[in-house]
Amino acid sequence: MDIVMIGIDYTDAGLDIRGRFSYTKREQEETVQRLRQLEGISGCILLSTCNRTELIISYESGWKADEKELFCGLKGLSAEEYGSYIHERRGMEAVRDIFFLAGGLKSQILGEDQILTQMKDAADFSRQFFGTDKILETLFRMAVTAGKEVKTRIKLPSANRSAPLAAITGLEQEGENFCGEKCLVIGNGVMGRMTAQLLLDRGADVTVTIRQYRRGIVDVPPSAKRIEYSGRYEKMTECRYIFSATASPNMTITLEKLPLEKLPAETVFVDLAVPRDIQEEIGDCQGIRLYDIDDFGVGLPEETKQSLAEAEKLLEEKVQEFQSWYDAKDVVPMLLQVSEKASEDVLARIDGRLQKKIPGQQEEVEDIVREAVQKVVNKIMFSVRDSVDVSAFRDCVDAMTELYTEDE
């Protein structure tokens, strides 16, 4: 199977290392276009989230490359220096990982919801720049569908969790209480809005930063206050909790600009971004606690093991469905040829009667008959494909191909 998955995730590397392999949308666009120009690559999808960056490639037979060199080179980094952090998965191992990722079983927080949207968005984004091919389109479509089925059919106690929720509940478990507290949320994207809403739900006084040039299109919770991004440092002097969740490649809070002497006692900073939003050295300052998303991983409760086994079984079944599709995909052109010959066979048998019954409309009726026969044959054969193993399906197609070859 000509599929390879190269990537780095929270199991391979810490936040700082992962941050060096994260992508902005602009970088994603440039990378997809660059990869599609490389000889031998048929399709590529780049998935970049807080917890992972994964590059999935389908390639032509005979394509050879040092995948770690390729993966690191896309970010201008050395494979010699970073290769130990990078994993490579090929063929069905890569396919299985993608399905289990969609099912939420590879996430730092078991069953988290965002990965399905992130995977769908990654495929959609690659498609915009002609990065996908039939194999990757089918793989991601089937994986996302399988992930949705896991969410619908199987109750994972940790489901509906997210990085903001994990951070906030983690702090609550340490004794923090947000009710009545002033909180600043830097960033009004998906993560920022989610963080703000979770804090509001707990009775906090929440202020969200917005960029001036986006004033007319920002979407923040109605109960949250707004300030310009440029006023964030001044606002910190009033807030005990500061959350930063932006997609910016640059630091949003640096030690040099932080008004340390004016901050409330025991100020808590929470960095939900990859790459980092908050300079790491801030955590060494007296009276400050700094957390990042790696600090809020959730362990697997004992009671989830049965649900996890059910989810794994379902996903394994879906993986096998993809493999069956992949193994039979080369048969499809033969099947279409058979259906075309079957339609011509039917027309040859009724041609004389058509001339007598509908003079002057024969060509139009032939087109209708031809289309109908091809649809029926395809429907029957694809049903057979879904009901038997690949070998038996190939035998059926071979038999029908031989039948029409003998008639020629």
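Analyst: Let's start with burial: a residue is buried under 20% relative accessible area, exposed over 50% and partly exposed in between, with a 1.4 Å probe and protein chains only. These areas come from the Shrake-Rupley method, and for residues only the protein chains shown count as cover. The model is predicted: local features need pLDDT of at least 70 and side-chain atom pairs count only at pLDDT 80 or more, while totals for chains, interfaces and linings use all residues. Residues are numbered from 1 along each chain as its sequence is written, and side-chain values use heavy atoms, leaving out hydrogens and water.

User: Which parts does the pair of Asp-205 and Lys-225 tie together?

Analyst: First the contact: the side chains of Asp-205 and Lys-225 meet in a salt bridge at 3.2 Å, N to O. Asp-205 sits in strand S6 (residues 205-210) and Lys-225 in strand S7 (residues 225-228), so the pair ties together parts that are 20 residues apart in sequence. Strands are DSSP runs of E with at least two residues, helices are runs of H or I with at least four, and both are numbered from the N terminus. Asp-205 is partly exposed at 24% relative accessibility, and Lys-225 is partly exposed too, with a relative accessible area of 43%.

User: How about inside one helix? How far apart are Arg-370 and Asp-367 in helix H13?

Analyst: Arg-370 and Asp-367 are three residues apart in helix H13 (residues 362-387), which means about one helical turn separates them. Their salt bridge has its closest N and O atoms 3.0 Å apart. Arg-370 is partly exposed at 23%, and Asp-367 is partly exposed at 43%. Salt bridges can also share partners: Glu-174, Glu-176, Arg-240, Glu-266 and Arg-289 are joined into one network that way.

User: Glu-266 is in that network. Where is Glu-266 found?

Analyst: Glu-266 is in the loop between strand S8 (241-244) and strand S9 (267-271). Check its backbone as well: Glu-266 has a positive phi of about 55° although it is not a glycine. With a relative accessible area of 41%, Glu-266 is partly exposed.

Phe-130 is another non-glycine with a positive phi, of about 60°. Look for Phe-130 in the loop between helix H6 (114-128) and helix H7 (134-153). Its relative accessible area is 67%, so Phe-130 is exposed.

User: Now the rings. How do I read an aromatic pair?

Analyst: A pair of aromatic rings is described by the distance of the centres and the angle of the planes. Rings of Phe, Tyr and Trp (its six-membered ring) pair if their centres lie within 6.5 Å; planes under 30 degrees apart are stacked, over 60 edge-to-face and the rest tilted. The count by this rule is twelve aromatic pairs. In one of them, Phe-21 and Tyr-82 have ring centres 5.7 Å apart and planes at 80°, so the pair is edge-to-face. Phe-21 lies in the loop between helix H1 (15-20) and helix H2 (25-36), and Tyr-82 in helix H4, so the pair ties together parts 61 residues apart in sequence. Phe-21 and Tyr-82 are both buried. With Phe-71 and Tyr-85, they form one aromatic cluster.

User: Which residues gather in a patch of negative charge on the surface?

Analyst: They are Asp-66, Glu-69, Glu-80 and Glu-81. Patch members have over 30% relative accessible area and no salt bridge, with like charges joined within 9 Å and nonpolar side chains (Val, Leu, Ile, Met, Phe, Trp, Tyr) within 5 Å. Asp and Glu count as negative, Lys and Arg as positive, and His and the chain ends are not counted. Each charge is placed at NZ of Lys, CZ of Arg, CG of Asp or CD of Glu. Glu-80 belongs to helix H4 (residues 79-82) and is exposed at 78% relative accessibility.

Methods:
Areas by Shrake-Rupley, 256 points an atom, 1.4 Å probe, with all protein chains shown as cover. Salt bridge = Lys/Arg side-chain N within 4 Å of Asp/Glu carboxyl O.
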